[in-house]
Amino acid sequence: MTALVERRHLRGIAADVEFQALSAPLSAVASEHEAVAVTSADGTVLHAERFGSAHAGATLVLAHGWTEAIAYWGPVIRRLASDELTLVAYDLRGHGQSQPAHEDDYGLERFGEDMEAVLAALGGDPAHTAVAGHSLGAMSIAAWAAAHDVSARVGGAAMINTGLSNLIGGALVLGEIGARLAPEWVSRTLLGSGRPLLPVSTPLSLAAARHIAFGPDASSGMVAFYERMLISTDAGARGAVGISLSGLDLSEAVARITVPTIVIAGDRDRLTPPAHAERIAEALPSPAGLTVLERTGHMSPLERPDEVAAALRELLGKICPTRPAHPPRAPSEVAG
């Protein structure tokens with residue numbers, strides 16, 4: 001009976017229309033597409049992809065989160081792709097098609113150096129370039145800002161579903177007990193497990209992913225799409241990053257993000273609740289807006305791609321006002 005249930009579960013995922021749309025290749029989204037290898041400061045080679053002409057009027061660099069990959073940004077990329085915008089997305093070290101970290105170094109400082117390497121290689125005119133990060137990707141922005149001149153590379157930034165300190169103490173997924181789990185050794189145990197996951201989705205694992213990471217409106221296909229990335233992430237890299245996150249404190253780096261910056265949160269985010277976003281927005285030197293999306297969990301770019309794409313488009317319009325406006329595509333034109 002268990003085997004029968006599992007087969008039905010996997011067939012249901014494979015037949016799910018939204019799962020199929022989210023899983024479709026992104027290479028045909030823009031008129032031009034290029035895969036680029038970028039070498040970070042410590043020698044780790046990162047996989048990046050450019051969508052659109054390298055000579056477009058504006059550039060947006062996208063950094064995904066922990067246990068994700070470039071495909072995570074697919075719904076947003078599909079909505080933003082245009083002749084006037086260069087979209088760049090890259091796999092974080094140890095994720096997707098990027099190499100494992102050189103000397104197994106997954107410290108937050110290294111993620112900041114990775115962002116610097118990508119911006120140096122693929123960023124456009126700084127005044128017309130923005131960077132957006134989801135979760136660990138946004139933490140990478142803060143880590144990068146702590147050691148670099150932000151305005152020398154970008155004119156705007158977006159921090160999405162993220163926190164910069166006390167991730168366990170502030171997480172709602174553990175209920176009230178989370179506030180008592182601030183000691184780093186407990187955080188390391190919860191976040192730093194490098195145990196391999198089951199190689200395929202199960203009804204239980206899908207339910208767990210939904211509860212931890214998504215809001216109430218997420219479809220099964222959407223959750224399964226993320227779960228596939230989670231399962232594919234190297235267990236060692238996942239655990240090493242988790243250990244780095246257990247001692248995370250990048251609060252002071254916010255003051256160095258001097259360019260106009262938007263902050264996006266989900267009101268049902270159990271991993272980085274809106275209180276994190278509010279603290280970030282209050283500390284920014286040049287806040288450009290805080291948006292808390294209703295009925296949305298930790299996965300705003302998947303759960304609410306229209307709203308996230310619209311916010312990023314508005315940010316680009318602020319830093320590049322002469323760029324021709326590109327209205328949202330009609331729903332029928334957008335997969336995922």
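**Exercise 1.** Determine which residues of H8 meet which residues of H9, and how the two helices are oriented.

*Solution.* Begin with the contacts, that is, heavy atoms within 4.5 Å: in this predicted model, Ser 205, Leu 206, Ala 209 and Arg 210 of H8 meet Ser 220, Val 223, Ala 224 and Glu 227 of H9. Sorted by class, these residues comprise 4 nonpolar, 2 polar and 2 charged, where Ala, Val, Leu, Ile, Met, Phe, Trp, Tyr, Cys and Pro count as nonpolar, Asp, Glu, Lys and Arg as charged, and the others, Gly among them, as polar. Next take the geometry: H8 (residues 203-213) and H9 (residues 220-232) pack at about 95 degrees with their axes 10 Å apart, the axes being lines fitted to C-alpha atoms over the stretch in contact and the angles running from 0 to 180 degrees between N-to-C directions. The two helices, H8 and H9, are therefore roughly perpendicular, a term that covers 65 to 115 degrees.

Residues are numbered from 1 along each chain as its sequence is written. Local features need pLDDT of at least 70 and side-chain atom pairs 80 or more, whereas totals for chains, interfaces and linings use all residues, and side-chain values use heavy atoms, without hydrogens and water.

**Exercise 2.** Describe how H4 and H5 cross, and which classes of residue form their contact.

*Solution.* The axes of H4 (residues 108-122) and H5 (residues 136-147) come within 7 Å and cross at roughly 85 degrees, so H4 and H5 are roughly perpendicular to each other. Among the residues that meet are Phe 111, Met 115 and Leu 119 from H4, and Met 139, Ile 141 and Trp 144 from H5. The contact as a whole has 9 nonpolar, 3 polar and 1 charged residues.

Terms used
Helices (H or I, at least four residues) and strands (E, at least two) are DSSP runs, numbered from the N terminus. Angles under 35 degrees count as roughly parallel, over 145 as roughly antiparallel, 65 to 115 as roughly perpendicular and the rest as oblique.
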